[in-house]
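Hi there,

Here is the structure I promised to pass on. Please have a look at it first, and then read my notes below.

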Amino acid sequence: MDNTDLMASESRTDMSVEGIKRAFLDSLFFMRAKFPGVATTNDHYLALAYAVRDRLLLRWVNTAKSYLERESRTVIYLSAEYLLGPHLLCNLTTLGIVDQTRQAMTELGIDLEELIDQEEDPGLGNGGLGRLAACFMESLATLGIPAIGYGIRYEFGLFDQEIRDGWQVEVTDKWLRYGNPWEIENPTIAHTVQIGGRTESTVDDDERYRVRWLPDRRLLGRAYDTPILGYGIDNANFMRLWRAEAQESFDFAAFNVGDYYGAVDEKIASENVSKVLYPNDGSTVGKELRLVQQYFFVSCSLQDMIRIYRMRRQDLERLHEKFAVQLNDTHPSIAVAELMRLLVDEHELDWESAWNVTRNTFGYTNHTLLPEALETWPLPLFQRLLPRHLEIIYEINRRFLDDVRAAFPGDEGRVRRMSLIDESGPRHVRMAHLACVGSHAINGVARLHSELLQRDLLRDFRDLWPEKFSNKTNGVTPRRFLLASNHGLSELITRRIGDRWPRNLEMLRELERFVDDETMHDEWQAVKLENKRTLAGVILARTGVEVDPHSLFDILVKRIHEYKRQHLLALYIIARYRQLKRGDLVDPVPRTFLFAGKAAPGYFTAKRIIKLINSVAEVVNNDPETREWLKVVFFPDFNVKNAQRIYPAANLSEQISTAGKEASGTGCMKFAMNGALTIGTLDGANIEIREEVGAENFFLFGLTADEVRARKAEGYRPHELYDADPELREVLDLVSSGAFSRGDRELFEPLVGSLLSNDPYMLLADFRAYVEAQSAVDAAFRDRAHWTRMSIRNVARIGTFSSDRTIRQYANEIWNAEPVEIRLRTPSPRLW
């Protein structure tokens with residue numbers, strides 16, 4: 001085939017209403033073997049998904065062909081999770097065929113919204129880390145930067161969350177049970193991954209030291225690809241996820257002698273590796289599975305990267321000139337040792353050449369300020385599973401510590417702190433240290449996070465290599481979180497400033513021209529009210545709680561964790577409830593408080609916080625004196641699909657983590673992008689959002705990170721705050737009394753006791769300032785014109801928090817990656 005565009009049948013690329021109808025019916029018949037009279041909603045969804053996928057594949061295949069021929073520099077993104085969200089609506093939006101598809105379905109007697117709702121949220125991620133990876137992949141494609149996102153094709157997601165008697169109950173997330181039409185299986189792309197065993201050292205014919213790894217177990221990683229289409233561009237990148245399989249899935253000899261379970265032992269053991277996202281690592285078995293998972297996907301990905309490179313070139317000494325590999329947090333940091341193993345052991349590069357390639361290939365993004373979240377592995381476990389890698393890490397460490405001693409003579413304390421092996425107790429391998437040593441660039445994800453990272457957590461590494469460190473404040477894609485999920489606001493913006501803003505979010509600044517326009521105010525408020533009505537309907541269907549769309553929707557949605565302080569808002573709700581009961585609030589603003597988020601299955605304090613929220617809701621929602629003014633909802637099973645309903649409806653965004661604990665946070669950006677105002681601390685990306693939108697359009701409260709540090713250093717005594725603040729004392733006493741637990745005084749005692757004894761996340765220190773900030777919220781909301789001006793300014797000034805800006809910074813300052821333009825001609829009716 002020549003170098004012209006690859007073409008497809010016109011029936012698979014036609015974007016007209018009639019073309020979409022034909023493609024839908026063809027897919028229903030040929031892909032689902034169904035006709036309209038017997039097809040289910042899921043059949044209809046799958047048929048439409050296949051029709052849309054055909055239109056993606058033309059772009060993806062042509063892009064891949066062009067990148068290969070041009071030998072384009074390519075970004076490799078290694079992430080343990082990708083919280084993608086549903087594909088259908090976003091792909092229709094990206095292709096620009098939402099209206100045509102809706103009309104096509106209507107003419108066939110089908111509701112497009114029902115098909116969009118039918119799609120499962122892919123169970124490939126958990127929280128902000130995975131959602132950031134998904135935003136980055138979409139922005140990479142939109143900016144035309146060649147990229148592959150590698151990860152694991154989990155059979156089951158983290159869990160589906162149900163609420164029973166106020167408690168979180170984890171239910172299996174069987175997201176693949178009806179199939180995934182967006183992925184393409186690549187059975188011929190598979191890589192062998194070795195586990196366990198021992199090593200043997202030899203000297204080859206050229207008198208070079210060689211090591212041979214003799215594993216006791218091998219498994220296969222099979223590739224599944226998902227196209228990621230760029231918006232307003234013909235480029236498409238892809239994600240390649242690995243499914244674990246046994247090399248031999250069935251032991252026929254064992255079966256023949258009646259050992260029916262033994263016949264499939266290897267199959268079960270191998271497939272467990274990609275079975276579940278984040279298996280509980282509280283036990284040794286769980287730790288082993290987690291480490292094998294991480295090594296499995298990293299090894300498959302690096303082997304695949306080398307395979308792709310060798311399709312055109314053989315000189316692996318220049319591998320880093322073709323690929324820039326980004327480690328999304330510490331989970332994939334074993335990649336440093338694995339690339340060294342592949343280059344030295346498999347491809348016979350000398351150590352110095354291999355280390356030059358490795359150091360110039362990797363960049364490392366740190367996502368946490370919590371020391372306990374930096375992964376370490378018990379050395380005996382690591383040695384048993386990855387014996388060759390431990391040898392390589394020892395050698396990296398030996399050379400690295402020689403450099404440390406040369407740079408800081410006599411400072412053995414620094415040497416111990418920086419070593420890749422923690423020997424302060426039972427020996428552990430420090431994975432974040434490995435990532436720092438093996439990468440040419442290290443970045444944080446918000447300005448404060450990067451400052452604290454360099455000042456505290458990675459200070460020794462900053463002292464040695466200050467040139468490695470930089471900040472790359474996170475961003476989110478406006479195509480999913482505004483254009484696709486908030487149709488009303490997107491249309492209003494487009495009517496006012498044109499349709500180019502989704503590719504250049506800074507253009508939203510033009511909205512400031514309308515900040516005092518009364519017609520704009522009316523339209524803006526109408527859009528928000530309609531979004532709130534939609535969410536109110538979903539809340540009623542999911543929880544049975546009826547809420548008033550005209551009330552202030554005050555929303556806190558994120559992973560449940562003590563440092564994120566959902567229980568601070570719960571305490572405030574109790575205080576507000578008591579104010580209403582006493583009649584202390586003059587002209588009260590009706591509020592609907594909405595929580596959503598999952599607690600890790602083994603995090604019992606977080607689960608008790610969920611119970612507290614639901615217990616408070618049970619009391620206040622059923623009190624006839626207050627329910628007109630106050631409702632509390634815990635929305636179950638927070639995921640991207642549900643988030644797309646929640647963000648557009650919010651009036652107030654709760655970003656109330658303890659200052660200095662949140663690395664960045666991206667929920668704050670999604671809320672502001674949809675016109676919500678923020679109440680928050682000076683933590684994570686809140687600081688930069690407040691600077692952009694203006695301090696007057698942000699409700700600030702609480703201690704700063706330095707103040708938190710100082711209070712703890714001088715001896716923080718939370719019980720003194722309890723004694724000094726009558727309202728705080730009343731709130732905590734009510735919780736302790738059983739007023740929100742049907743008389744059970746023991747249920748919430750662990751929460752109250754922790755707050756009064758040590759309060760590690762400073763809730764009591766920030767309580768009074770938080771109550772005062774909430775009073776300022778009430779005052780602002782009463783003046784609807786004032787609130788609307790603030791809301792418009794939040795949207796107008798949020799442009800810098802597009803993930804497009806973040807990716808440009810990575811591309812220019814870390815990856816040295818350039819956009820590659822792909823232009824498709826109008827498809828001709830010939831097959832390829």
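How many aromatic pairs does the structure hold? The count comes to 17 aromatic pairs. Please keep in mind as you read on that this is a predicted model.

**Aromatic pairs**

A pair of aromatic rings is described by the distance of the centres and the angle of the planes. Let me walk you through two of them in those terms.

F701 sits in the loop between β22 (698-700) and α27 (705-713), whereas Y770 is part of helix α31 (residues 763-782), so here the pair ties together parts 69 residues apart in sequence. F701 is buried, with a relative accessible area of 3%, and Y770 is buried too, at 0%.

Going back to Y77 and F136, ring pairs link these two with Y810 and W815 into a cluster.

**Charges over rings**

For R414, the ring is that of F408, and the charged end is 4.0 Å from its centre. For K468, the ring belongs to W465, and the distance to the centre is 3.6 Å.

**A three-stranded sheet**

Next, have a look at an open sheet of three strands, ordered β12-β14-β13, with antiparallel pairing. β12 (376-378) and β13 (421-422) are the edge strands; each has a single partner strand, so one side of each is left without a neighbour in the sheet. β13 is joined by two bridges to β14 (residues 428-430), and these strands run antiparallel. If you want a landmark there, D422 stands opposite H428 in β14.

**A surface patch**

Finally, what makes up the nonpolar surface patch of about 380 Å²? F29, F30 and M31 do. One of these, F29, is found in helix α1 (residues 17-30). Is F29 buried or exposed? With a relative accessible area of 52%, F29 lies over the 50% cut-off and therefore counts as exposed.

Happy browsing, and do write back with any questions!

Best wishes

Methods:
Residues numbered from 1 in each chain as written. Predicted model: local features only at pLDDT ≥ 70, side-chain atom pairs only at ≥ 80, totals over all residues. Heavy atoms only, no water. Patch = residues over 30% accessible without salt bridge, like charges linked within 9 Å, V, L, I, M, F, W, Y side chains within 5 Å. Areas by Shrake-Rupley, 256 points an atom, 1.4 Å probe, with all protein chains shown as cover. Salt bridge = Lys/Arg side-chain N within 4 Å of Asp/Glu carboxyl O. Helix = DSSP H or I, 4+ residues; strand = E, 2+ residues; numbered from the N terminus. Buried < 20%, exposed > 50% of the residue type's maximum accessible area, 1.4 Å probe, protein only. Phe/Tyr/Trp six-rings, centres within 6.5 Å; stacked < 30°, edge-to-face > 60°. Lys NZ or Arg CZ within 6 Å of the ring centre and 35° of its normal. Pairing = 2+ DSSP bridges.
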